[in-house]
Amino acid sequence: MGEPWDIDQEVKKFLEIFDNDPIEAVKAIESFKSNQATVQSRTKPAPDTPVIISLDSVKKSYRIGRQRINALDGVSFEIHQGELIAITGASGSGKSTLLQIIGGLDKPDAGIIEVDGVDISKLSDGKISKFRNQTIGFVFQFFYLQPFLRLKTNLAVPGMFARTKRKQLKQDVAGLAKSVGLDERLNHLPRELSGGQMQRAAIARALINRPKIILADEPTGNLDSANGEAIIELFEKIRSDYGTTVVIVTHDAKIASKADREIHLRDGQII
Amino acid sequence: MMRLSDATIVAITKLRTRRLRTLVTVFVASILFGAMFTAVFMTQGIIDSTLKFSKGTLADRYFATATYQNQINMTDESLPISVIDRAKALFKKDITDKQAAAKRLGVDYDSSIETEPTVKLFDSEILNGSSPYAAQAFKEYLADLPTPQQELDKIVGKYVSKNIYEVGTTESIMGRMKMIGSVGENFTEAANYPSNGTVDVNFGWSYMDEGVVSSFMLPESQLSRQKNTEAIPIIAPISKVEAALGLKKLSNNTSANDKLERLKYIRDNADKATFSVCYRNSVSSSQIQSAIDNAKALKNNKNYIEPALTYALPIDANACAPATVKRDIRTADEKKQDAKQIEFNQMFGQETEPFQKKLIFRVVGLSPEGFNAGNMSNIGGLILNITSTNLMSSWIVPQKLFDAMPNNADLNFIKPGYNSDKLDYFDYSQMYKSEIVEFGGIDELKNFVVKEGCDNFYCDGGKTIYYFGNNSVLIGEIKDQAAKYLGYAALVITVIAVIILMSMIGRVISDSRRETAVFRAIGARRSDIRLIYFSYTLMLSIIVAIVSLGIGYAAIQWIDSIISPDATVQSHLINIFADDNLKFSFVGFWWQALASIAVLVIVGGFVGMILPLSRNSVRNPIRDMRDDT
Ligand SMILES: Nc1ncnc2c1ncn2[C@@H]1O[C@H](COP(=O)(O)OP(=O)(O)OP(=O)(O)O)[C@@H](O)[C@H]1O
Ligand SMILES: [Mg+2]
């Protein structure tokens with residue numbers, strides 16, 4: 001799978017990045033280290049549960065001016081229900097793109113993607129919206145809570161799109177807030193919370209419609225390590241409580257190591 | 001799609017971002033629409049107040065004026081040749097008769113003083129407008145045609161009317177009238193028609209039935225106080241009555257209260273006011289003139305030789321007396337000759353004896369000042385016209401009171417049409433006829449005016465039909481006009497408001513791109529996003545509507561507090577007998593227009609929403625999410 005490992009090229013690329021952006025370079029080193037650590041991508045055997053996400057030769061490229069960037073260059077893998085997966089790779093290796101395609105935010109140029117038994121690249125806007133709403137729960141690096149809505153309303157937003165019954169929604173919000181430890185904070189505005197709390201709130205929001213899959217793009221990227229660990233623990237708890245499939249994009253090797261499996265990307269390919 | 005209530009919860013957050021911009025937008029848009037609301041409040045306020053004030057006056061009744069005027073003119077080229085011939089024949093006969101009579105009586109007669117009956121106009125010959133022979137021939141010609149009265153009867157007769165009132169005028173009075181003021185009659189100065197202000201009664205009045213003018217008349221209790229029933233009853237302009245009561249005109253900066261007090265005083269004392277006029281026929285006035293000329297010549301010219309018979313001004317300038325003979329040194333022969341001349345003149349219908357009469361008018365009613373006729377084409381004019389339930393003329397003699405005067409028979413010379421059949425006079429009142437037609441209701445009135453009247457007020461074919469007094473039709477017109485102008489203003493204002501709102505909504509939408517992207521990621525459909533902005537726009541426009549209504553209402557209250565006192569005085573001056581406690585308020589509720597503007601605000605909001613929202617719909621949420629991180 002993918003290109004053979006070429007240390008010279010990797011170093012050359014690193015130096016290039018270093019020249020442009022030292023911070024990015026440090027990230028790259030981290031990523032490099034984690035690549036080293038998890039080159040053997042599978043740490044646990046796949047469970048017996050059915051396959052819930054399946055990609056076959058998925059390609060996605062972007063045009064910037066005349067240039068064509070292959071964000072995903074023939075990616076194939078399967079994820080089983082209830083797995084906790086880490087997606088790693090250097091900056092620009094296509095992790096976010098991959099997540100967006102799985103989550104139905106974008107469509108692949110080529111290849112087949114099936115999520116929960118459905119070829120999501122063929123869905124209409126209405127159906128794909130419903131899919132994002134019901135099947136997927138998104139968690140973002142910068143939380144993206146609505147700054148002027150109290151926590152209880154922020155948590156309820158996906159339920160509003162689902163037209164969940166008011167009473168039901170209220171119960172769900174209360175229950176989830178409790179399970180992420182924010183039941184005391186429901187009447188607060190996001191800016192009154194800490195980063196860790198905000199991310200937990202965002203996770204609760206992602207769970208409000210009981211999705212089968214959580215997709216998290218660098219959920220700990222904006223948190224200190226203690227908070228980051230708490231978030232991962234939360235994901236583990238969610239997985240074990242609800243059997244939710246969790247896919248986390250991360251730069252953090254430690255976090256990646258907690259996953260059942262790690263999918264490592266380089267230049268849009270899985271190594 | 002999500003629930004509207006949920007969309008509203010989300011949309012409220014958008015009112016809280018960009019607060020300053022939102023405030024400015026709401027304020028500017030509200031000022032614009034507020035001005036519209038103010039205009040609507042004002043329009044209805046004026047209408048309501050006008051109706052309030054004019055209750056019980058002509059405005060409550062359904063009158064139309066109908067006038068028919070002959071379309072042929074005395075000097076028309078199209079008159080048949082027989083009329084020309086007849087005028088020439090009359091001329092010839094008159095000269096022959098006069099020459100014969102002169103010969104018989106032995107007086108001098110020069111036929112060249114007679115006015116030629118015709119004049120040449122290019123190739124044709126037409127009647128001479130100032131020739132009595134032409135006038136006579138023309139009168140005879142008209143006599144064979146239907147009279148204006150017959151024409152009017154034909155028109156009005158087609159409709160069921162309640163009353164038909166005649167309007168008489170003093171146009172045919174042949175003599176001269178002068179006011180007898182506080183220092184008596186002013187002999188030397190000619191009575192010049194004033195260039196501004198209300199004319200005095202010596203310029204004429206009209207006769208109208210009490211059925212029309214009763215609401216301008218003093219109450220019976222006051223009329224019964226009047227002792228001199230030989231004085232001519234008249235409805236007089238209020239400013240003239242004020243002067244007649246010896247009151248000085250109040251200065252313009254007198255307080256509204258004092259002005260109203262003054263009005264009340266005039267009203268309560270009007271029955272005591274009188275006007276005196278001296279009527280003189282041509283002989284009487286020429287003797288007065290000769291007295292003046294003689295005195296002047298004696299003073300200015302040392303070589304002046306006084307004629308044998310001279311006159312002097314009457315001693316008492318208040319008595320309307322004839323000129324007195326100052327000196328008569330004519331010989332017996334001269335006197336005989338003069339007597340022959342008088343006989344000759346009498347023979348041919350000329351006045352030879354001085355006649356003068358003092359006319360005393362007693363005030364029996366008050367008419368408003370400042371009516372501006374014919375100005376129906378703009379709102380200002382319309383308002384003026386409805387607020388003054390106009391009377392056509394400011395001096396009116398109530399017909400029944402006039403007819404009941406014990407000395408009525410002595411007053412023939414001031415009755416309408418009295419002189420019509422004199423040879424040397426063409427009475428133009430024969431050319432037209434005016435009457436006031438009263439209908440039982442607004443529909444009958446409208447039907448009549450719409451069918452018989454015409455758009456531009458003056459119709460072809462010599463008839464003029466228009467509403468008179470009643471203001472419900474005019475109010476309808478005001479509303480139509482106001483709606484028209486408000487419509488134009490609304491168009492402009494809405495366009496501006498749409499632009500302002502569009503930029504506000506556009507800004508909010510572009511501010512919310514990332515939020516939109518996040519919402520899309522967590523399952524919002526395009527329609528959910530649209531519903532959120534729909535709900536945002538709805539709230540924004542409702543806020544604008546409420547704030548502008550508030551601004552508009554506050555503005556009209558403020559305007560009202562400033563101009564209402566003056567308007568109240570004006571309205572009382574116009575509706576002299578209205579309830580003293582009435583106030584003119586500029587605040588009225590024209591619900592339809594208010595609602596229309598509110599709807600317009602909201603429509604404007606949605607129009608402003610369309611463009612930015614449709615642009616937003618085609619955006620890629622992923623890119624929007626990236627942009628911001
Ligand atoms: N919308 C886009 N338009 C153009 N290029 C894009 C777009 N999205 C991603 N790319 C490019 O595709 C490649 C993969 O991007 P992607 O965001 O998936 O990387 P990533 O692995 O998530 O990186 P990071 O760790 O920095 O978040 C990059 O080279 C990026 O510049
Ligand atoms: Mg990324």
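Guide: One residue to start with: Arg163(A) is found in the loop between helix 5 (151-161) and helix 6 (166-179) of chain A. Keep in mind that this is a predicted model.

Visitor: What is the phi of Arg163(A)?

Guide: Its phi is positive, about 55°, although Arg163(A) is not a glycine. Most residues other than glycine have a negative phi.

Visitor: Which loop holds Glu218(A)?

Guide: Glu218(A) sits in the loop between strand 7 (213-217) and helix 8 (225-242) of chain A. Its phi is near 45°, again a positive value in a residue other than glycine.

Visitor: What makes Glu218(A) buried?

Guide: Buried means under 20% relative accessible area. Glu218(A) has 14%, so Glu218(A) counts as buried.

Visitor: How do you know that Gln199(A) is buried?

Guide: The cut-off is under 20%. Gln199(A) has a relative accessible area of 0%, so the label buried applies. Gln199(A) is part of helix 7 (residues 195-207) of chain A.

Visitor: Which backbone oxygens does the side chain of Gln199(A) reach?

Guide: The side chain of Gln199(A) reaches the backbone oxygen of Phe140(A) at 2.7 Å. It also reaches the backbone oxygen of Pro219(A), at 2.8 Å. A polar contact needs a pair of N or O atoms within 3.5 Å.

Visitor: Which residues does Gln199(A) touch?

Guide: Leaving out residues up to four places away in sequence, Gln199(A) touches Val139(A), Phe140(A), Gln141(A), Phe143(A), Pro219(A), Leu223(A) and Ile231(A).

Visitor: How many helices and strands are there in chain A?

Guide: Chain A has 9 helices and 10 strands. Of its 271 residues, 51% are buried. Take contacts in chain A between residues at least 6 apart in sequence: 75% of them join residues at least 24 apart. Chain A exposes about 12,800 Å², and carbon and sulfur atoms supply 50% of that.

**Around the ligand**

Visitor: Where does ligand 1 lie?

Guide: Ligand 1 lies between chains A and B. Of the 15 residues around ligand 1, the nearest are Ser91(A), Gly92(A), Lys95(A), Ser96(A) and Thr97(A).

Visitor: What makes the pair of Ser91(A) and ligand 1 a polar contact?

Guide: The limit is 3.5 Å between N or O atoms. A polar side-chain atom of Ser91(A) is 2.5 Å from an oxygen atom of ligand 1, so the pair qualifies. Lys95(A) also brings a polar side-chain atom to an oxygen atom of ligand 1, at 2.6 Å. For Gly94(A), a polar backbone atom is 3.0 Å from an oxygen atom of ligand 1. Taken alone, ligand 1 exposes 630 Å², and the protein buries 80% of that.

Visitor: Which element gives the most to the shell around ligand 1?

Guide: Helix 3 of chain A does, with 3 residues. Strand 1 (51-64), strand 2 (67-80) and helix 3 (95-102) of chain A each supply at least two. By class, the shell has 5 nonpolar, 7 polar and 3 charged residues.

**Over to chain B**

Visitor: Which residues of helix 5 of chain B are buried?

Guide: In helix 5 (residues 148-156) of chain B they are Pro148(B), Glu151(B), Leu152(B), Ile155(B) and Val156(B). They cover an arc of only 125° around the axis, so they lie on the same side of helix 5 of chain B. These buried residues pack against strand 1 (62-69), strand 4 (163-169), strand 14 (432-439), helix 14 (442-452) and strand 15 (463-468) of chain B.

Conventions: Residues are numbered from 1 along each chain as its sequence is written. Chains are lettered from A and ligands numbered from 1 in the order in which they are written. This is a predicted model: local features need pLDDT of at least 70, side-chain atom pairs count only at pLDDT 80 or more; totals for chains, interfaces and linings use all residues. Side-chain values use heavy atoms; hydrogens and water are left out. Helices (H or I, at least four residues) and strands (E, at least two) are DSSP runs, numbered from the N terminus. Buried means under 20% relative accessible area, exposed over 50%, partly exposed in between (1.4 Å probe, protein chains only). The arc is that of the directions from the helix axis to the C-beta atoms. Contact means heavy atoms within 4.5 Å. A residue is near a molecule or strand if one of its heavy atoms lies within 4 Å of it. A polar contact is a pair of N or O atoms within 3.5 Å; within protein, one must be able to donate a hydrogen and the other to accept it, and residues adjacent in sequence count only if both atoms are side-chain atoms. Accessible areas come from the Shrake-Rupley method with a 1.4 Å probe; for residues, only the protein chains shown count as cover. Ala, Val, Leu, Ile, Met, Phe, Trp, Tyr, Cys and Pro count as nonpolar, Asp, Glu, Lys and Arg as charged, and the others, Gly among them, as polar.
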